[in-house]
Amino acid sequence: MTVSRRMLLAAGAATGAGAALSACGSNTGRGDGSGSAGKGPALQQWYHQYGEQGTEQAVQRYAAAYDKARVTVQWRPGNYDQQTAAALLTDSGPDVFEGSPTLDQIRGGQVVDLTDLIEGVKDDFNPAVLAPKTYRGRIWGIPQVIDMQMLFYRKSLLAKAHIDPPTTLDELVDAAKALTSKQVKGLFLGNDGGAGALGGTPLYAAGLELVTEGGKVGFDDPAAARTLGKLHRLYADKSLLLGAPADWSDPSAFLQGLTAMQWTGLWALPQVQKELGDDFGVLPFPKDGSGAPTVPVGAYGAAVSARSKHKDAAKAFVKWLWVDGTADQKDFALSYGFHIPARISLAKQARQLREGAAADAVRFTTEHSFAEPLLWTQASKTAYQDAVNRIIRDGASPDGQLRTVVRKVSAELDRVQR
Amino acid sequence: MKRSAPDPPTDLLTGREAAAPAGSRRRPALPALRTRGRDALWFWIFVGPFALGLGVFTYIPLAWSVYLSFFDAHNTVTPDHFIGLGNYTSMLRDGAFTGSLTTFAAFCAFIVPATYLLSLALALMVNRLRRAQAFFRSVFFLPAACSYVVAALIWKMSIFNGVRFGLANTVLGWFGADQTAWLSTTSPPWYWLVIVTVRLWLQAGFYMILFLAGLQRISPVLYEAAAVDGARPGWQVFRHITFPQLRATSVAVVLLLVINAFQAFDEFYNLLSDARGYPPYARPPLVYLYFTALGQEQNLGYGSAGAVILALIIAVVTVGQARWFGLGRKED
């Protein structure tokens with residue numbers, strides 16, 4: 001009798017578990033084609049969460065219009081790059097995803113060679129963003145749109161202080177100091193003082209680079225220490241806005257009048273335009289010494305996972321959307337957020353990019369932009385960013401800090417070029 | 001169900017064995033065997049799921065991590081490039097990692113005594129209340145129900161943000177002080193104020209409850225005897241009666257505090273990290289390893305080596321602490 005009671009319990013538990021398992025079985029997240037039409041293999045496509053209204057509906061619309069495969073779009077909020085990195089290790093990851101892709105993903109054979117997809121139109125892709133998708137002559141991601149960053153400034157505040165828009169780093173330092181008052185700070189480079197947002201930008205403005213063409217450290221030069229030292233002056237002068245509720249990628253601090261100048265992205269332009277009208281201008285990061293002004297650009301690339309069960313179908317879909325589908329590409333770049341199309345021909349057609357600050361942004365991008373090289377891996381980035389942090393905020397000696405970074409980055413470059 | 005069962009354990013073990021000889025005297029060996037088999041079956045039914053979970057989610061990953069730590073495992077969990085102790089030597093030579101250990105030691109050395117003292121003080125005060133004790137107990141305990149992430153975000157964005165309308169800066173502004181960027185200033189290191197206060201606010205109430213329980217277990221007879229012997233109320237009574245009587249509670253509280261400090265991640269990560277990473281200060285080892293192994297770097301071998309080193313340190317400290325406190329020794 002006792003046993004029967006226990007048996008009952010065990011049986012109940014077993015059925016419960018069974019039900020739970022079968023429930024799992026019916027929802028694997030794969031292949032139940034919501035947002036897909038047509039026939040053919042089931043493909044998963046991943047995007048990171050774009051902040052702008054309508055982007056998600058747009059990418060779902062593109063996917064639904066494809067008739068050679070059933071494409072399901074996953075819109076992934078949170079730490080997107082970490083999610084894709086982890087998902088690429090498993091079989092349940094995406095078939096098509098937007099990603100850098102990183103050098104280690106390429107070297108590890110996690111993504112598929114897409115060189116043949118852009119044959120014939122290769123020259124139409126902006127070379128600045130195509131280069132970081134290229135490894136040993138092969139292309140591993142199709143650039144989707146170009147994101148760029150630049151300096152926004154309030155014309156009225158500069159005029160009131162009788163300051164011209166700065167054209168050199170020294171002028172920027174002086175302007176930031178002159179614009180700082182009890183209520184308003186001169187410049188906002190991010191809550192960490194600029195190490196994260198600026199990255200390699202000051203080096204390029206000084207005529208240096210992160211990694212040379214030959215794959216060596218590009219900033220083993222006294223000029224690098226000189227330039228980075230000037231960033232510390234901004235901090236020491238108390239001209240920098242620090243600890244703002246929203247970080248540099250959001251124009252809130254600039255719009256709320258917490259700062260007279262802010263480093264942020266092209267994506268913020270529509271919002272700034274709406275709130276400030278004509279009372280703002282944009283600048284590239286000013287030159288230092290014998291360098292030239294510069295803006296950083298970047299692009300997510302559409303990539304195909306090597307673990308995909310339908311690699312050819314996935315490649316065909318990428319070609320359909322990101323190579324042949326120029327109408328959708330233009331819509332994606334310009335209708336929601338504000339990006340520059342990765343295709344030169346499309347950027348030229350875009351009416352929105354022909355006037356005002358947007359036209360300036362396009363000019364900066366064509367004249368003097370840089371993208372982080374593929375060889376500039378996360379380990380190098382961390383070492384460099386730590387050092388710049390210490391230089392800016394602790395006033396650490398730029399020479400000493402850079403020596404350590406150069407050593408670490410050389411080791412990392414050796415590793416990835418073995 | 002017919003059998004009377006006053007006490008389930010006796011029913012399971014002794015009751016059954018007592019019943020067996022009475023029922024089948026001819027085959028005495030079998031029922032015992034069957035019983036043992038059944039017991040084993042039931043043992044596994046009850047313990048199995050837990051053991052399975054522990055194995056799958058704790059021991060296998062643990063062993064796998066140790067395995068990975070001997071390989072060059074970039075972006076892979078099935079590496080093939082064996083490098084022996086390479087990850088360990090470079091991790092121990094990595095200034096960022098050793099620096100994070102120092103950071104952590106300093107944090108631990110401060111937060112453990114600070115929380116201990118604060119929660120003990122709160123418990124002593126609340127315990128003396130004649131009225132509204134339940135109210136104050138709840139008030140101090142409530143923060144323990146708040147999540148670290150939420151608290152960290154409130155601290156970061158509304159109390160200690162760096163602009164003039166942040167709570168702390170507003171208050172300081174009344175006295176004419178300049179605005180301070182609490183989390184971005186490295187000299188003086190104001191970020192520690194933010195990190196430490198959020199943890200104190202979250203933790204102190206919980207440990208206060210433990211101390212209150214301990215205080216209420218102390219027999220009033222001891223205090224009466226002390227009063228008869230002429231002990232002055234206040235410090236003398238606390239020093240010679242209350243504090244020694246709280247020994248068991250104190251040991252438990254300190255152990256829990258140290259373990260909690262080892263696990264520090266949430267408030268650090270949420271207070272100081274941004275989209276581009278984490279600054280090179282106030283970076284505890286877990287945060288550093290998180291960025292190394294699970295961030296974009298995906299250097300799983302290197303991160304695993306760091307995790308193993310950290311686990312060894314934690315093991316040594318915990319064992320040492322248990323020895324020192326005489327944990328598990330019978331109280332006299």
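Good morning. Between chain A and chain B there are 2 salt bridges. I open with that count because side chains of opposite charge can pair when their charged atoms come close. Please keep in mind throughout that this is a predicted model.

Let me stay with the two chains. In one salt bridge, A:Lys182 pairs with B:Asp178, and the closest N and O atoms are 2.9 Å apart. On chain A, Lys182 sits in the loop between helix 7 (169-179) and strand 8 (185-188), while B:Asp178 sits in the loop between helix 7 (167-174) and helix 8 (191-217) of chain B, so this pair joins two chains. Are these two residues buried or exposed? Both A:Lys182 and B:Asp178 are exposed.

Polar contacts between chain A and chain B number 16 residue pairs, counted where both residues have pLDDT 80 or more. Which helices of chain A each supply at least two residues of the side that touches chain B? They are helix 1 (2-26), helix 3 (80-87), helix 4 (103-107), helix 8 (195-198), helix 17 (378-394) and helix 18 (398-416). The largest share of that side, 10 residues, belongs to helix 17 of chain A.

As to the extent of this interface, 48 residues of chain A and 44 residues of chain B take part in the contact. The size of an interface is often given as the accessible area lost when the parts come together. By that account, chain A and chain B bury about 3700 Å² between them, with 47% of it on carbon and sulfur atoms.

I turn now to chain A itself. Chain A is divided into domain 1, made of 42-144 + 299-371, and domain 2, made of 149-296 + 377-416. The centres of these two domains, taken over C-alpha atoms, are separated by 28 Å. Their contact draws 18 residues from domain 1 of chain A and 19 residues from domain 2 of chain A.

How much area is buried between the two domains? The area is about 1500 Å², and carbon and sulfur atoms give 70% of that. On the side of domain 1 of chain A, the residues that lose the most area to domain 2 are A:Phe338, A:Phe364 and A:Phe370, which together account for 43% of what that side buries.

The domain interface also has charged and polar pairs. The count between domain 1 and domain 2 of chain A is 1 salt bridge, and 5 residue pairs are in polar contact across this interface, with both residues at pLDDT 80 or more. Helix 4, helix 16 (356-368) and strand 14 (369-371) of chain A are the elements that give two or more residues to the side of domain 1 that touches domain 2. Of these, helix 16 gives the most, with 7 residues.

A:Arg363 and A:Asp360 meet through their side chains at 3.3 Å, N to O. The two residues are 3 residues apart in helix 16 of chain A, and are thus separated by about one helical turn. A:Arg363 counts as partly exposed at 38% relative accessibility, and A:Asp360 as partly exposed at 24%. Elsewhere, salt bridges that share partners join A:Asp170, A:Asp174, A:Lys230, A:Arg233 and A:Asp288 into one network.

Finally, over all chains, the whole structure has 20 salt bridges. One of them joins A:Lys315 and A:Asp116, whose closest N and O atoms are 3.9 Å apart. A:Lys315 lies in helix 13 (residues 311-324) and A:Asp116 in the loop between helix 4 and helix 5 (127-130) of chain A, so the pair ties together parts that are 199 residues apart in sequence. A:Lys315 counts as buried at 16% relative accessibility, whereas A:Asp116 is partly exposed, with a relative accessible area of 43%. Thank you for your attention.

Notes:
Residues numbered from 1 in each chain as written. Chains lettered and ligands numbered in written order. Heavy atoms only, no water. Contact = heavy atoms within 4.5 Å. Buried area = accessible area lost by both parts, 1.4 Å probe. Salt bridge = Lys/Arg side-chain N within 4 Å of Asp/Glu carboxyl O. Polar contact = N/O pair within 3.5 Å; in protein donor to acceptor, adjacent residues only side chain to side chain. Helix = DSSP H or I, 4+ residues; strand = E, 2+ residues; numbered from the N terminus. Domains from an automatic or database assignment. Buried < 20%, exposed > 50% of the residue type's maximum accessible area, 1.4 Å probe, protein only.
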